Amino acid sequence: MRAEAAESLIRTFEHTRSSVEHHASQITATSTETVTLLRAARRVLAEPITADRDIPPFPRSTRDGYAVRSADIEDPPAKLKVIGEIKAGPSDQPRRLEPGEAYSIMTGAPVPDGADAVVMIEYTTQQAGIVEIVRTASCGENIVPQGAEAKSGSDLLNRGTLLNQSAIALAASVGKSQLRVFTRPSVAILTTGDEIVGVDQAPGPWQIRNSNSYSLAVQIQQAGGDALVLPIAPDEPRRLRELIEQGFQSDLLIMTGGVSIGRYDLVERVLGELNAEFFFTGAKIQPGRPVVFGRVLRDAGASAFEKARHKYFFGLPGNPVSTMVTFELFARPLLEALAGMRPRPLPFVQSRLKAEIRVKPGLTRFLPAILSGDYADSHVEAVSWQGSGDIAAQSRSNCYIVVPPDRECLSAGQWVTILLH
Ligand code: AMP
Ligand code: MG
């Protein structure tokens, strides 16, 4: 679809989001590398991890106390002969527990054969090799049976898992000191606009410092990509085209600015010249309405991705809050797919609104807001802002209140949907 048809490609939030999700689901990441566990945080697993033995490998005591036969203490108080002590770690193989006997046992230690319960030390007193127990115990109490957490050979983590601390701990627990992970996709950032200058330059009175490349670099990194910041493109088609071509050498191209309908908004025009296919050229949202998603046909060449004959691109609106919001809503799922991650839904949660919000209906709104309060009484309040250029207001917020397109008013005290960021 060529850029001339742009106006007809402005779609609802649901439509635009599912378009991105559809394309993300078509992507298969294939390029992998091996990293050590200490370098694996936030990488994406490219191999399944299985249990190399039963977990736990023996019936494990969950308490300090006495390993007993529950039948021996059915009628407390009961006196049992203490025949030894079992610690976690290297210890002599305990012998089998016979009727009338108990082992002193520590948390994490293997429960001996013959015992079917561990009585907490709090319910016992020991004197001269005899323990007195003042409570009954049910069969299995305070014992995790061998293999209860996972059987040897069973799947623990799937390909596509984002490696957080628990996934890495699980890998360590089955002896994986190195992990096969997907290579990070490279993402080119191209910011456009004659008024935009680098952060190190002294801006003239009408010039604006480039902040979008920096917020995007953070978001790209968080979504599993490697950011490459290209030079700032002027509002001039030849140089813009050169830089866009350069951007297509990366696995994904993200542009900011130049996508609204202004006379100098050239991004769509240049992409049209490159025979880009557009999936949408606007979303009925605020902030972020003039957001563009599409792809161009490219030679697979040295690309790390199977079927990567297509290079996807996003044209995000230049207003800094719009850039951040539209990255989260649209660019993130596609980038996560390129990074090998399994798709995941947006993290919508509910909270109670502190103060009324009035808006014009027709757009799905993502209003910067502050979620605060304690666990029993949280509430959310929109930050006062000067619109989608207001980075200072955005930086005070920790979430967005989502206002559905058919609502004019959200009242104080009502439950509202929020999107965390
Ligand atoms: P545009 O989408 O090009 O119409 O830009 C919308 C607004 O965002 C304008 O006020 C721009 O000056 C501003 N803007 C565009 N690019 C950036 C950038 N990289 N950093 C900060 N502000 C920007
Ligand atoms: Mg511009």
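Tutor: Before we start, a strand here is a DSSP run of E with at least two residues, and strands are numbered from the N terminus. That helps us place Leu9, which sits in the segment before β1 (10-11). Keep in mind that we're looking at a predicted model.

Student: OK, so why is Leu9 called buried?

Tutor: Set the value against the cut-off: buried means under 20% relative accessible area. Leu9 comes in at 4%, so it counts as buried.

Student: How far is Leu9 from Ala393, in sequence and in space?

Tutor: Leu9 and Ala393 are 384 residues apart in sequence, and their C-alpha atoms are 31 Å apart.

Student: Is Ala128 buried or exposed, and how do you know?

Tutor: Exposed needs over 50%. Ala128 has a relative accessible area of 81%, so it is exposed.

Student: And what about the phi of Asn142?

Tutor: Asn142 also isn't a glycine, and its phi is positive, about 60°. Asn142 lies in the loop between β10 and β11 (143-144).

Student: Why is Asn142 called buried?

Tutor: The limit is under 20%. Asn142 has 16% relative accessible area, so it falls on the buried side.

Student: Which residues does a cis peptide bond join?

Tutor: One cis bond joins Pro76 and Pro77, with omega about -5°. Another joins Gln286 and Pro287, and omega there is about -5° too. Most peptide bonds are trans, so these deserve a check. As for location, Pro77 is in the loop between β5 (65-68) and β6 (78-86), while Pro287 is in the loop between β21 (285-286) and β22 (292-297).

Student: On to the ligand. How do you know that Glu195 makes a polar contact with ligand 1?

Tutor: A polar contact is a pair of N or O atoms within 3.5 Å. A side-chain N or O atom of Glu195 is 2.6 Å from an oxygen atom of ligand 1, so the pair qualifies.

Student: How much of ligand 1 does the protein bury?

Tutor: Ligand 1 exposes 490 Å² when taken alone, and the protein buries 80% of that.

Student: How many residues surround ligand 1, and what classes are they?

Tutor: There are 14, the closest being Thr191, Glu195, Asn210, Gly258 and Gly318. By class, the shell has nine polar, three nonpolar and two charged residues.

Student: Now salt bridges. What makes Asp226 and Arg184 a salt bridge?

Tutor: The rule asks for a side-chain nitrogen of Lys or Arg within 4 Å of a carboxyl oxygen of Asp or Glu. Their N to O distance is 3.8 Å, so the pair passes. Asp226 is in strand β17 (residues 226-229) and Arg184 in the loop between β13 (178-182) and β14 (186-191), so the bridge ties together parts 42 residues apart in sequence.

Student: Which residues does Arg241 pair with?

Tutor: Arg241 bridges to Glu245, with the closest N and O atoms 3.8 Å apart. Those two are four residues apart in helix α4 (residues 237-247), so about one helical turn separates them. Arg241 also meets Glu273 at 3.3 Å, N to O. This pair links distant parts of the chain, from helix α4 to Glu273 in helix α5 (residues 267-273), 32 residues apart.

Student: How many salt bridges are there by this rule?

Tutor: The count comes to 17. There's a network to look at too, linking Glu328, Arg332, Glu336 and Arg344.

Notes
Residues are numbered from 1 along each chain as its sequence is written. Chains are lettered from A and ligands numbered from 1 in the order in which they are written. This is a predicted model: local features need pLDDT of at least 70, side-chain atom pairs count only at pLDDT 80 or more; totals for chains, interfaces and linings use all residues. Side-chain values use heavy atoms; hydrogens and water are left out. Buried means under 20% relative accessible area, exposed over 50%, partly exposed in between (1.4 Å probe, protein chains only). A residue is near a molecule or strand if one of its heavy atoms lies within 4 Å of it. A polar contact is a pair of N or O atoms within 3.5 Å; within protein, one must be able to donate a hydrogen and the other to accept it, and residues adjacent in sequence count only if both atoms are side-chain atoms. Accessible areas come from the Shrake-Rupley method with a 1.4 Å probe; for residues, only the protein chains shown count as cover. Ala, Val, Leu, Ile, Met, Phe, Trp, Tyr, Cys and Pro count as nonpolar, Asp, Glu, Lys and Arg as charged, and the others, Gly among them, as polar.
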